[in-house]
Amino acid sequence: MKRAFRLFLGAAFLAATFTIVGCSSGPSEEELAQLEALKAEVASLQKEVNAKQAEKAGLQKQVADKQAELAAAMKEQDATRDRLKSQQ
Amino acid sequence: MNFRKLILSGLMLIMVAAASSVSAQTKMTKEEWQKQITDYTGQRDNLKRTLAQLNKDIDSLKSLLASLDQKVTTVNNETKSLTGANDELRKAYAAQLAALENWVNELARLSNQDLFARKAEIDSVQAKLSDLKKSKLAAMQENHERLQSLQQKIDGLRAALAKPEFVASLEKTYVVGTWKKNRDCLWNISKKKDIYNNPFMWPKIWQGNRDQIKDPDIIHKGQKLKIPTAGPLTDSEKKAEHKYWNKKRVGTK
């Protein structure tokens, strides 16, 4: 009887220790919310970065096209000058 | 005994409660939370830096694009001003080119017979094209290309007219019938509406078929005669006719 009671006390102490240690080492609700907010911010920023990268790629293509257009316009101008010279 | 059972049951309950409490807390430890906070903070800072750089790049690309656009407009305006023509003159010139293109395209669509009949128009088209080429506006790229294409088409029409197969395709033929039924002789054949509509053109048929007509008074049923292109008698045809009549005169004397 006495022995059983001691065993009970020992187990109760052990359980209490586990519980206390377990509770004290985890993050609080506030900290968890802070982590979730940070995750959401990262996801949102990643989305924005992806959109900006697409916009940049589009602009780079437009610039390349415009540079080609400028080169063609300059070539056309030279050819027109040459033709006008040969007309004279 | 009962008391012992009670204690054992209580003990088990406590163990289960403690175990579940520990397992609940093993979802995330404080260290893990801290690690994730550090990781995500680093990611966020990197993304913010990337975003700032991207915005900078985009602004610079937009500005470059606007500057290139301006340069293209300037170069195009300069090119236009080289000819000294205003928009109205340019439009008028383009309209003249379009009219000439229509004319040439119409000629190109004609059958060989019709093209041959209108071959004088090829010279008219060439004259107009030469006039257009003299204008300063001919030096403009778009006009230059259209003029070149027109010249190629006109050259093509001329080349087609000169091809032997074209000339051959123009040649008509006539199969001689009988005197009794068709009254076919060179005079009557020449008189036919679909031949020359003029009996005096008979020497043309004779000279065009010297290989099979020795005496123009003698043609045979079934002979396939070439009908040369209509037109005034050539010198050689006139000469042949003259010889024929002389011979006749001598023969009748």
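Analyst: Of the 253 residues of chain B, 11% count as buried. A residue is buried if 20 or more other C-beta atoms lie within 10 Å of its own, exposed if 12 or fewer, and partly exposed in between, with C-beta atoms placed from the backbone. This is a predicted model, in which local features need pLDDT of at least 70 and side-chain atom pairs count only at pLDDT 80 or more, while totals for chains, interfaces and linings use all residues. Residues are numbered from 1 along each chain as its sequence is written, and chains are lettered from A and ligands numbered from 1 in the order in which they are written.

User: What makes up the secondary structure of chain B?

Analyst: Chain B contains 11 helices and two strands. Helices (H or I, at least four residues) and strands (E, at least two) are DSSP runs, numbered from the N terminus. Their order along the sequence is α-α-α-α-α-α-α-β-α-α-α-β-α.

User: Why is the term "roughly antiparallel" applied to H5(B) and H6(B)?

Analyst: Helix H5 (residues 119-134) and helix H6 (residues 141-162) of chain B pack at an angle of about 155°, with their axes 11 Å apart. Axes are lines fitted to C-alpha atoms, for helices over the stretch in contact, and angles run from 0 to 180 degrees between N-to-C directions. Angles under 35 degrees count as roughly parallel, over 145 as roughly antiparallel, 65 to 115 as roughly perpendicular and the rest as oblique. H5(B) and H6(B) are therefore roughly antiparallel.

User: Why is Leu129(B) called partly exposed?

Analyst: Leu129(B), in helix H5 of chain B, has 19 other C-beta atoms within 10 Å, and is therefore partly exposed.

User: Which residues does Leu129(B) contact, leaving aside neighbours within four places in sequence?

Analyst: Leu129(B) is in contact with Leu100(B), Leu147(B), Leu150(B), Gln151(B) and Ile154(B). Two residues are in contact if their C-beta atoms, placed from the backbone, lie within 7 Å.

User: What makes up the largest nonpolar core?

Analyst: The core has 10 residues: Leu186(B), Ile189(B), Ile195(B), Met201(B), Trp202(B), Ile205(B), Trp206(B), Ile219(B), Leu225(B) and Ile227(B). A nonpolar core is a set of buried Ala, Val, Leu, Ile, Met, Phe, Trp, Tyr and Cys residues joined through C-beta atoms within 7 Å. H10(B) gives the largest share of this core, three residues. A second, separate core of nine residues includes Leu97(B), Ala138(B), Ala139(B) and Leu147(B).
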